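Please look over the model shown here, beginning with the sheet in chain A and then moving to the helices and loops. The paragraphs that follow take up strand pairing, helix packing and backbone geometry in turn.

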Amino acid sequence: MYRLGDMIDMKIGGGSIGPYDVVTGAKVYWDGIAEGRILLQRCNDCGRHSHPRQEACENCFGPRLDWVETNGSGTIYSFSTIYRAPRQRPVPYTLGLVMMPEQVCLFAEIEMTGEITIGKAVTPFFVPTERGTLLKFRLASAGNTPNGL
Amino acid sequence: MAFENVVVAGYASAVQIMPLGDGERPRTTIGLIGDAARRAMAIAAIDRRQIDAVFTHRPPLGDSFLLLGQKILAELKIAPTSTTAIMNHGAGMISSLKYGALLLESRLADYVLCASGDAGAAWVDDPVALNANAEADAHFEAPYDPITPSLYGQFAQRFVYERGLTEEDLATVSVAMRAKALRHPEAEMRNKGPLTIDQVIASPMIASPSRLLHCAPWYRGSRAGAIILTRAENVGPGPKTYVRAIGENVTHEHVTGRMGLYGFGPWKDGPNLTTTGAYLAGRQALNFAGLSIDDIDVLETVVPFAFLIPMILEDLGMCERGEVAGYLRQGGLDRAARVPINTNGGMLSFGQSFLNCVMDQLLEGIQQLDGTALGDRIAGANRAMVHSHGGVIAAHTVAIFERS
């Protein structure tokens, strides 16, 4: 499992991840993304999924949370397209909340390859960056495969 | 429970407008808060030794004192028996009145000082970068380079979608707020002239659906304010401004986590982004006071984007659920509306004076009741409601003041 020293390798989040999140799952989540898998927590007692990471089930407070993989296809719950970026990042780009079949929302970039509207289906893909591999979504039309890879 | 006996004994603000004049030195947060507090004490006709409690807000952006309250005590040489900073984001300044009122009603205090201030305009180089870093979840949102308007934008896009709001509807909000600010001598946009719908729609997109003219400008100046509360028997006869009730609700810290909120209140059947904590806070305040929204004469709301004004109006019950588009189209934000809203132009046009923006709007609401507002004055207003939000629509407090 993960030890405190693992945080040194954790680049997501500007390199600022501390031991709290190594223990409670930010690293588990991002390591999954690096392998092309989206991991969510699922309660061993009541079956509810949660995201972002919890220490115990948000529904029944059960302490036994498993990491389970979702197939990753979802629908756009909301989004915002950014035209004034921090740092030197080119614009525009779109960040949104994607509702997964497990009824949890993921916050991620949505590729601007078509008109982005609420309710459209999206599929995930995984992009290596200088900060680590990021999960992104693209519109499910245009022959994208469910896994997006 | 309503507060039966808590009144405003005195209040004051202090301001330094930018740019500075020749030879003028920038004031500090503590300097301005000290000015406001000393004036408020003079108006209340008390001295520093009579203050039993001091409340303030989270660390200002201008002078990053972690313990702002201690600095205020040191400046004013007050030795209270109760003091703390209320840290639920921007909602905390209104919450501080609640804790003050509770102390007064339980006779743990006779005079309470609630103080606010921020000299951010003088001392912060890049408030935009500073703000975005604080608003996003460091591990699940920040890696994607969000900006603050894009985090609010998640709520905005969903609200516009669910309520059928048009570009014209959102522009109506900016136009109405500018008009009020033109009549207020201290508003940031006082000299900018009236806005048109077309100008708002032509302004550049910042983070959809919010354009530049849907966003609050930073206030070019440093502001502070102080309110002293006491029990009615401690002030002379004549009309007084009572703190009748304060309601509060806090729902989350970050947008992604907000989508895990369910199981009670308006989120009983599942999460949504279109009903805020103002829904519960507003009802709590009205229930405590034994009033309905129809009893309110003037409404102030501390929100930094155009879409939030209709969202909060709906949550507070100013119109039927889902009907806010019609409310806007029927002139609900006009000066002559039955309940005038943001009489100084609000954050959208009065400007965001860093962390003092909540105090600005609190004092505007109180001034409407005693007839001393500097801009629009609402004749005969007896009850004012002041709402503040903080975080990314995370914390909400609603106060009801009554003049009698």
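In this predicted model, A:Ile38 has A:Thr70 in β3(A) as its bridge partner. Strand β1 (residues 38–43) of chain A and β3(A) run antiparallel and are joined by 6 bridges; two strands are taken to pair if DSSP finds at least two bridges between them, while strands (E, at least two residues) and helices (H or I, at least four) are DSSP runs numbered from the N terminus. Helix α2 (residues 26–34) of chain A packs on the sheet and touches β1 and β3 of chain A, its direction making about 140° with that of β1(A). Contact here means heavy atoms within 4.5 Å, and axes are lines fitted to C-alpha atoms, for helices over the stretch in contact, with angles running from 0 to 180 degrees between N-to-C directions. The sheet itself is open, with 3 strands in the order β2-β1-β3 (chain A) and antiparallel pairing. Because β2 (49–50) and β3 (65–70) of chain A stand at the edges with a single partner strand each, one side of each is left without a neighbour in the sheet.

Before going further, the conventions: residues are numbered from 1 along each chain as its sequence is written, and chains are lettered from A and ligands numbered from 1 in the order in which they are written. Local features need pLDDT of at least 70 and side-chain atom pairs count only at pLDDT 80 or more, whereas totals for chains, interfaces and linings use all residues, and side-chain values use heavy atoms, with hydrogens and water left out. The model scores ipTM 0.95 and pTM 0.94, and chain B has a mean pLDDT (the predictor's confidence in each residue, from 0 to 100) of 95, with 98% of its residues at 70 or more.

Further along chain A, strand β4 (residues 74–82) pairs with strand β7 (residues 121–129) in the antiparallel sense over 2 bridges, and A:Gly74 stands opposite A:Val122 in β7(A). Strand β7(A) is also joined by 8 bridges to strand β8 (residues 132–139) of chain A, with the two running antiparallel. In this second pairing A:Phe125 stands opposite A:Lys136 in β8(A), and a hairpin of 2 residues connects β7(A) to β8(A).

Turning to chain B, how do its helices pack? Two packed helices are described by the angle between their axes and the distance between the axes. Helix α6 (residues 148–163) of chain B packs against helix α11 (residues 308–315) of chain B at an angle of about 65°, with the axes 10 Å apart. That angle makes α6(B) roughly perpendicular to α11(B), since angles under 35 degrees count as roughly parallel, over 145 as roughly antiparallel, 65 to 115 as roughly perpendicular and the rest as oblique. On the α6(B) side B:Tyr152, B:Phe155, B:Phe159 and B:Arg163 take part, and they meet B:Leu308, B:Pro310, B:Met311 and B:Glu314 in α11(B). By class this contact has 6 nonpolar, no polar and 2 charged residues, where Ala, Val, Leu, Ile, Met, Phe, Trp, Tyr, Cys and Pro count as nonpolar, Asp, Glu, Lys and Arg as charged, and the others, Gly among them, as polar.

The axes of α3(B) and helix α14 (residues 357–370) of chain B come within 8 Å and cross at roughly 60°, and these two helices are therefore oblique to each other. Here B:Met93, B:Ile94 and B:Leu97 in α3(B) meet B:Val358, B:Met359 and B:Leu362 in α14(B), a contact of 6 nonpolar, no polar and no charged residues.

Most residues other than glycine have a negative phi, and most peptide bonds are trans. A cis peptide bond, with omega about -5°, joins A:Val91 and A:Pro92, and A:Pro92 is found in the loop between β4 and β5 (93–99) of chain A. In chain B a cis peptide bond joins B:Ser208 and B:Pro209, with omega about 5°, and B:Pro209 lies in the loop between β5 (205–207) and β6 (210–211). B:His89, in the loop between β3 (82–86) and α3 (92–105) of chain B, has a positive phi near 55°.
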